[in-house]
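Here is a short briefing for a reader new to this structure. Please look through the sequence and the model before reading on.

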Amino acid sequence: MLRSTYFDGRSPKAHAVRLHLSGDWLEIVGDTETSDARQDADNAAPRLHLRIPVREVQWPERQRHGVRLAHLPGGAMLSHDDGPAWDAWAASVVPDTWVVRGMQSWRGALLAGVFSIATLVAAWAWGVPVATRALVAAVPAGLEAELGEQALRSFDAGGLLPSRLPATRQAAIRQALEDALQRASRPGSPPPAHTLHFRRAGRLPLGPNAFALPGGSLVVTDELVTLLEDRPDVITGVLAHEMGHVRHRHGLRMVVQASLVSALASVVLGDTTGWLATVPAVLGQQAYSRDFEREADDESIRVLRANQLSPAVMVLLFERLREARQKDADDDGGRPFALPIAIASHPSDEERIARFRHAR
Amino acid sequence: MQIEPTWGAEAPPSAAPAARALPVAFTGSGSEYFRIWIVNLLLIIVTLTLYTPFARARRLTYFQGNTRIDGHALGFHGNPRKMFRGYLLMVLLGVVYGASGQFSPAVGLFAFCVLAAVWPALWRASLQFRLANTSWRGVRMRFSGKLQGAYTAMLPSFVPAIALVAASQFMQPAAAEATAAASKPPMALVWLMMASMLAMIALFPLSWAWIKRYQHGHYHYAGEQTTLSVGPRRFYGLALNVFGVSLLAGLIFSVAMGVGVGLMAIDSVAVRAAAIALVIAPAYLTFLGTLSSYTGARLQNLVWNGTRSPHVEFRSQLLFNALLRLTLKNVLLTVLTLGLYRPFAVIATTRLKLQAMTVTLEGEVDQWVADTASRMDDASGDAAGDFFGIDMGL
């Protein structure tokens, strides 16, 4: 028997009641020992008496704090202030679910925490890449090409200038790339569809650079061609690296992965201010793009070897890039700064130089 | 201890009804909510977020069950199964919207327009769901705002936003043509963009006022309906104050950032890392925290001090510096514990915000009678509110 408070849902008036549990039934009887009930009796109001099946009641979960509210069919409600007393009384008919047991014990909570972290790590390390591969496979090539063309258009609108290289030079580089890819391709599997675009970086901070866009658009800057004009083999190596990005559809994978990672980050920091969630999402992304760069470097090594060139020639690229950066920085009067590795989207230069040097 | 209903017994029926201030208390515990939160989190992760509506129902039950007005708690009646349907709907909409933006600006714009078109309806449905599933002393509340009212309330913020988005869509290809032809971009578009940006800023406090008036003008409880008697002028005043605070805080922030950037020029990884961790990040977080605390505290006070119904009056006396101190402490501890402090932070903030409120009631609430309007059964509105990040709390 438990003394509690009953609300009929039609008026905020509180009724003192006694609760009895017998078998599958909950009995609610107006309490005659309070002044309120005596007033009811004076007004000749009928004494409250209800019988409700236990399973039709919405029982509250066990907690330490908070008022226990049990919702009855028809909109009525029982309200009990003393949580532990209610839990003790209701325990016979309302066993704890395992969820509640986990929530009410520190051991359960600790276990849940450990499992959460383990699952998150597994998702980030394995789940997201697998899901990405599946999603990317489902995207048609036409759509991917459209994405790449959009990106190139926005680069052009954003300050990328038309190339100033003579047409013969451009044709020579294109031909060299085709020959190299032809020699490196396995019979029956031609290199993926691609278009080589030449652009000038001008005032953009790109400098000597080359990048691959989804759908096979390769872009190389005049500045890079000029930097390596005496070494067409290194230019081929760079373009082969970019072809690696095209072959593995890295551009599209980045887009899909970025969405999945930010979704993951926002699940954890769910009900929160958005600005805290972007930091782990960005950091998490960087590790994936470093993997992509390594894959692309492997492709470059493969193509160079198939063309009887030593992959170590690529070391020249890093040396000349470093000189160019140094020169830029000296012109500006400051020193270039290297951010810690987590922020950098490429593996460190040292690591990449070592890979090229030791490739056999 | 059992609640003794003594209302009717104490006041003799013939006396004039006195106004009584009802204490508002929040009894939630950080350590208990932490355990609830972490188990919810695990279930959400392993079910790939399908458990979210059930977790949300549990969270609302906990928070409302620990909100006591005059000793009686607010009940939550939402059915998690219905909330699940709403959640699936919102996930679908969210994915379609997010994906459309990736593939083409035209598709993205179309999706944005569709979202804008349904947003006020979803917002209203969310308000209806939350209120119809909240009760005090057994009697449900209700939201009676009409659909047209929801669209009107959002008009001052939507119209300039749509104009701006449309103009920027047409701007991109036009600008590209212009640079190719070495001529200026069409001036009409430029003026339109600037005008819509200015309109957005100028109309923002007005839209604030209309939205709050719509929200706070349609809360029902047992025959009482609230109204908001604060006009747009007060919202403009608040907006100007917020702007002033942002200038002041911005000044301090710029000084700190100057120091930080200066330190970044030193060629030492340790100094640079320290600059980011001890100067730049704290400055940024403090700036944002100050703005959000100031706006939050002043807005809560402004809106609730002007809300009343025939027999109920609300007052809010949330102090800016108290909220600021709490917010900064929460952010610091959340960052230091890599997010584990979050549930404690939420409980502490809710306690501060709720205990700044007082409810004054005239008459005997026992005599009031519930509205007979039908119950709100569609839960998709609720999911929209949470999914897209708009806070729909009371």
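In which strand of chain B does S316(B) lie? S316(B) belongs to strand β11 (residues 312-316) of chain B. The model is a predicted one, in which local features need pLDDT of at least 70, side-chain atom pairs count only at pLDDT 80 or more, and totals for chains, interfaces and linings use all residues. Residues are numbered from 1 along each chain as its sequence is written, chains are lettered from A and ligands numbered from 1 in the order in which they are written, and side-chain values use heavy atoms, with hydrogens and water left out. Helices (H or I, at least four residues) and strands (E, at least two) are DSSP runs, numbered from the N terminus.

**Positions in chain B**

- S316(B) is buried, at 1% relative accessibility. Buried means under 20% relative accessible area, exposed means over 50%, and partly exposed lies in between (1.4 Å probe, protein chains only).
- Between the C-alpha atoms of S316(B) and L302(B) there are 8.0 Å, and the two residues are 14 residues apart along the chain.
- T295(B) sits in helix α9 (residues 269-305) of chain B. With a relative accessible area of 18%, T295(B) is buried.
- From T295(B) to V279(B) the C-alpha distance is 24 Å, for a separation of 16 residues in sequence.

**Helix packing in chain B**

- Helix α7 (residues 187-216) and helix α8 (residues 232-264) of chain B pack with their axes 8 Å apart, at an angle of about 130 degrees. Axes are lines fitted to C-alpha atoms, for helices over the stretch in contact, and angles run from 0 to 180 degrees between N-to-C directions.
- α7(B) and α8(B) are therefore oblique to each other. Angles under 35 degrees count as roughly parallel, over 145 as roughly antiparallel, 65 to 115 as roughly perpendicular, and the rest as oblique.
- α7(B) and α8(B) make a right-handed crossing. A crossing is right-handed if the near helix is turned clockwise from the far one by less than a right angle, and left-handed if anticlockwise.
- Helix α2 (residues 30-46) and helix α11 (residues 342-355) of chain B cross at roughly 130 degrees, and their axes come within 8 Å. This makes α2(B) oblique to α11(B).
- The crossing of α2(B) and α11(B) is right-handed.

**Salt bridges**

- Over all chains, the count comes to 17 salt bridges. A salt bridge is a side-chain nitrogen of Lys or Arg within 4 Å of a carboxyl oxygen of Asp or Glu.
- R153(A) and E146(A) are joined by a salt bridge of 3.7 Å, N to O. R153(A) is partly exposed, at a relative accessible area of 46%, and E146(A) is partly exposed at 27%.
- D156(A) and R199(A) form a salt bridge of 2.8 Å, N to O. This pair links distant parts of the chain, with D156(A) in helix α5 (residues 141-157) and R199(A) in strand β8 (residues 195-200) of chain A, 43 residues apart.
- D156(A) is partly exposed at 28% relative accessibility, whereas R199(A) is buried at 16%.
- R320(A) and D230(A) meet in a salt bridge of 2.9 Å, N to O. R320(A) lies in helix α11 (residues 315-332) of chain A and D230(A) in the loop between α7 (222-227) and α8 (232-247) of chain A, so the pair ties together parts 90 residues apart in sequence.
- R320(A) counts as buried at 19% relative accessibility, while D230(A) is partly exposed at 48%.
- A network of salt bridges links R247(A), E299(A) and R302(A).

- R249(A), a residue other than glycine, has a positive phi near 55 degrees. R249(A) is in the loop between α8 and α9 (250-268) of chain A and is partly exposed at 22% relative accessibility.
- D70(B) is not a glycine either, and its phi is positive, at about 60 degrees. D70(B) is found in the loop between β3 (67-69) and β4 (72-76) of chain B and counts as buried at 18% relative accessibility.
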